Every structure is written in C-alpha cells, then in structure tokens.
Amino acid sequence: MRLPAEWEAAEYVLLSWPHKDTDWAYMLPQVEECYVELARAIAKRTQLVIVCPDTSVVEPKLRDIPESNRPVLIQVPTNDTWIRDFGTISTVDDNNVRLFNDFKFNGWGLKFAADKDNLVTCRVFGGMNLFKGEYRNRLNFVLEGGAIESDGRGTLITTRHCQLSPNRNGAYDISQIETNLKDFFGLDRVLWLSHGALEGDDTDGHIDTLVRIAPPGDVLFYVGCQPDDCHYAELSAMKTELERLKTADGNSYHLVELPLPDPIYDEDDGHRLPATYANFLILNGAVLLPVYGQPLKDKMAADLIKTAMPDYEVVPIDCRALIRQHGSLHCATMQIPFGKRNSKAD
C-alpha cells in the first residue's frame with residue numbers, strides 16, 4: 001500500500017460545486033466565477049469530475065470548456081464544497097491497483113453538518129462503478145485529506161492539534177492514531193507538528209494550510225510572517241520544528257518560506273480569514289496557486305514556487321471569493337492518481 005505524492009500523475013481531479021443550499025448562498029455568483037476559473041485550469045491538465053446536487057445547473061456554466069476537456073458531472077447531494085476533506089483519499093498497491101479509501105468525515109470535529117458530504121465517496125466510488133479501482137470502507141476512522149501530506153515514499157506529515165481533536169478520534173491516543181495511519185497508507189514514519197495554527201482556521205490546523213512537501217520529496221514549503229503579525233510566535237515555533245526534521249535518508253529538509261498574505265478580514269464579523277499560499281495544488285506539471293489580489297505578495301509566492309520547482313508551470317487562481325468561507329484552492333480539490341481495477345486488469 002502506498003499514498004502517492006501529489007506531484008505524481010493524476011488521472012482525475014474532483015470538485016464539489018457550490019449551490020444555493022451551501023454557505024455560499026449569499027455570494028453564489030462570485031464563488032461560481034472562481035470555480036469556473038478553477039475548472040478551466042484543471043480540465044486543461046486532466047479529467048475533471050464535478051459532484052453537485054443538480055447537473056443541469058452546473059453544465060451551462062462550463063460550456064466554454066472545449067468538448068475534448070469537458071468535465072464529468074455526477075449528481076449527488078452535498079452539504080458543502082471542501083472535497084479535499086470528504087473526497088476519497090486514493091492509494092495504490094504494489095500492482096498499481098487503485099483503492100478509493102472512504103474515511104469518516106464529521107464536519108471537522110462536529111463543527112458543521114456533514115451528513116451528505118460523508119456519503120459522497122461511497123456513492124461515487126462505492127456504488128456507481130465509474131472509475132477503475134476498488135472501494136475501501138474506512139468509516140470507523142475520522143480523517144480529512146487536508147490533514148495529511150505525503151512524499152509518496154513512506155513519510156507523512158500531519159499536526160497534533162487536528163489528529164488529536166477529541167471530536168474526531170477521541171478514543172485513540174497518538175500512538176494508536178499513528179498506527180492506523182501507517183496501516184492505511186503503508187507508511188514507514190509519521191512526522192508530527194505541534195505549532196502553526198492560523199486565525200479563522202476551522203480545521204484545527206490542517207497541514208495543507210501550513211507546510212507542503214515538494215518534489216523530489218526533500219523540499220518543504222512552509223508559511224512564515226513578519227514579527228508584527230499575530231501569527232509570528234506560532235509560525236516561528238513551527239519553523240523550529242521543521243528545522244529539526246530529517247528525511248528518511250537522515251538529511252535535513254530544504255526549507256522554503258512562503259509569505260503570509262496581508263490580513264484579509266470577514267466583511268460581516270471582522271474576523272481574520274486563514275489565507276495562505278501553501279494551499280496550492282500540484283497537478284501534472286503545474287502548480288495551481290491561490291492568489292488574493294495582493295500583487296507584491298502574490299508574485300513573491302509565485303516566484304518562490306517557480307524557483308524551487310523550475311520544471312512546473314505556476315498558474316495563479318484568484319481565490320478571494322474562496323477564502324470568504326475559510327478555505328482555499330487545495331481545500332476545494334482532490335486529485336486521484338492513475339491506477340487500475342485489480343491485479344488482473346489491463
């Protein structure tokens with residue numbers, strides 16, 4: 001069993017389309033504009049699969065995407081759009097058999113309704129038989145895709161604050177959770193971080209907002225900030241943790257600090273939103289990068305990623321609408337690696 005790295009070739013990417021019964025209702029046109037831009041960028045690079053409660057509503061919005069790149073639309077009920085956390089987490093075995101792992105999603109520790117989202121993976125990958133691979137019921141364990149980061153070679157990075165949340169897997173201690181993660185994903189080791197929480201983060205410190213592994217697996221992008229930012233103490237402590245980590249070969253990681261965007265505040269309650277450039281998606285030779293209408297910071301983040309990943313195209317996507325609901329680009333997507341149905345499949 002192996003959990004591929006995100007930079008490995010993806011056969012599909014999933015989106016969950018915003019609709020009138022989600023928290024996006026009050027700003028649906030703005031967020032749909034962001035999703036259309038995101039859909040275009042994904043569809044150019046792999047097969048896009050969109051889940052939504054009503055395909056007839058979504059289909060007209062995608063008509064400018066060429067027929068050869070046309071997304072697959074699947075009609076299923078959803079509560080929300082953050083499919084990184086309720087979509088399948090796909091693994092492959094030694095025979096390249098792809099497994100669609102269906103973990104329990106409980107609204108980030110019982111914070112939000114998740115009854116429909118928790119059934120999406122079962123309905124799409126367990127019941128429809130549209131994709132080559134085997135469904136695996138893991139619903140006895142709570143896990144969100146944004147909470148884990150894999151190098152594809154047996155190392156996973158995650159955060160204590162999220163995994164040890166009592167409303168997720170409260171019956172397990174850290175050693176039991178680590179054992180489960182190793183069993184599910186064929187891991188040799190789990191690297192735990194204790195610091196780095198961002199204001200406005202509903203996820204209890206998902207790793208995909210803080211630290212990302214980049215190819216070939218010994219590069220870590222991480223979020224940093226200036227001393228006058230309220231996050232400075234936490235992010236500095238996280239940097240110290242990262243400096244102590246070693247690769248599987250015993251070497252230090254190459255650290256690349258991404259700037260924290262200038263503060264973005266909720267227009268209604270004035271609270272700070274968890275905008276971060278670490279919430280990018282690596283997809284088939286490109287990095288889809290969330291940007292926030294801040295020319296200097298946006299360019300700085302893009303240049304840093306391009307320098308560390310020179311063979312990748314950096315594609316900025318305006319995510320000012322997405323961040324209004326406390327998530328960004330990576331949270332809104334889930335990649336599925338190439339694989340096959342079973343060991344005898346062609």
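This is a predicted model: local features need pLDDT of at least 70, side-chain atom pairs count only at pLDDT 80 or more; totals for chains, interfaces and linings use all residues.
Which residues of α10 are buried?

1. Residue S150. S150 belongs to strand β7, which covers residues 149–150. With a relative accessible area of 8%, S150 counts as buried, because the cut-off for buried is under 20%.

2. Polar contacts of S150. A polar atom of the S150 side chain lies 2.7 Å from the backbone oxygen of L3. The side chain of S150 also reaches the backbone nitrogen of G152, at 2.9 Å.

3. Other surroundings of S150. Setting aside neighbours within four places in sequence, the residues in contact with S150 are L3, P4, A5, W7, T155 and I213.

4. The three-stranded sheet. Strands β10, β11 and β12 form an open sheet in the order β10-β11-β12, and the pairing is mixed. β10 (211–214) and β12 (254–259) are the edge strands; each has a single partner strand, so one side of each has no neighbour in the sheet. From one strand to the next, the twist averages 30 degrees.

5. Pairing of β11 with β12. Strand β11, residues 219–224, runs parallel to β12 and is joined to it by six bridges.

6. Helix α9. Residues 232–244 make up helix α9, which packs on this sheet and touches β10, β11 and β12. The direction of α9 makes about 165 degrees with that of β11.

7. Helix α10, placement and length. Helix α10 (residues 295–308) lies across β11 and β12 and runs at about 160 degrees to β12. Its 14 residues should span 20 Å at 1.5 Å a residue, and the end C-alpha atoms of α10 are 20 Å apart, which agrees.

8. Helix α10, buried side. To return to the opening question, the buried residues of α10 are K297, D298, A301, A302 and I305. Around the axis they cover an arc of only 130 degrees, so they sit on the same side of α10. The buried residues of α10 pack against β11 and β12, and also against β14 (286–291) and β15 (313–318).

9. Helix α10, the other face. Which exposed residues does the face of α10 turned away from its buried side carry? They are P295, L296, K299 and T307. A reader looking along α10 can compare this face with the buried residues, including A301 and I305.

Conventions: Residues are numbered from 1 along each chain as its sequence is written. Side-chain values use heavy atoms; hydrogens and water are left out. Helices (H or I, at least four residues) and strands (E, at least two) are DSSP runs, numbered from the N terminus. Buried means under 20% relative accessible area, exposed over 50%, partly exposed in between (1.4 Å probe, protein chains only). A polar contact is a pair of N or O atoms within 3.5 Å; within protein, one must be able to donate a hydrogen and the other to accept it, and residues adjacent in sequence count only if both atoms are side-chain atoms. Contact means heavy atoms within 4.5 Å. Two strands pair if DSSP finds at least two bridges between them. Axes are lines fitted to C-alpha atoms, for helices over the stretch in contact, and angles run from 0 to 180 degrees between N-to-C directions. The expected span of a helix is 1.5 Å times one less than its number of residues. The arc is that of the directions from the helix axis to the C-beta atoms.
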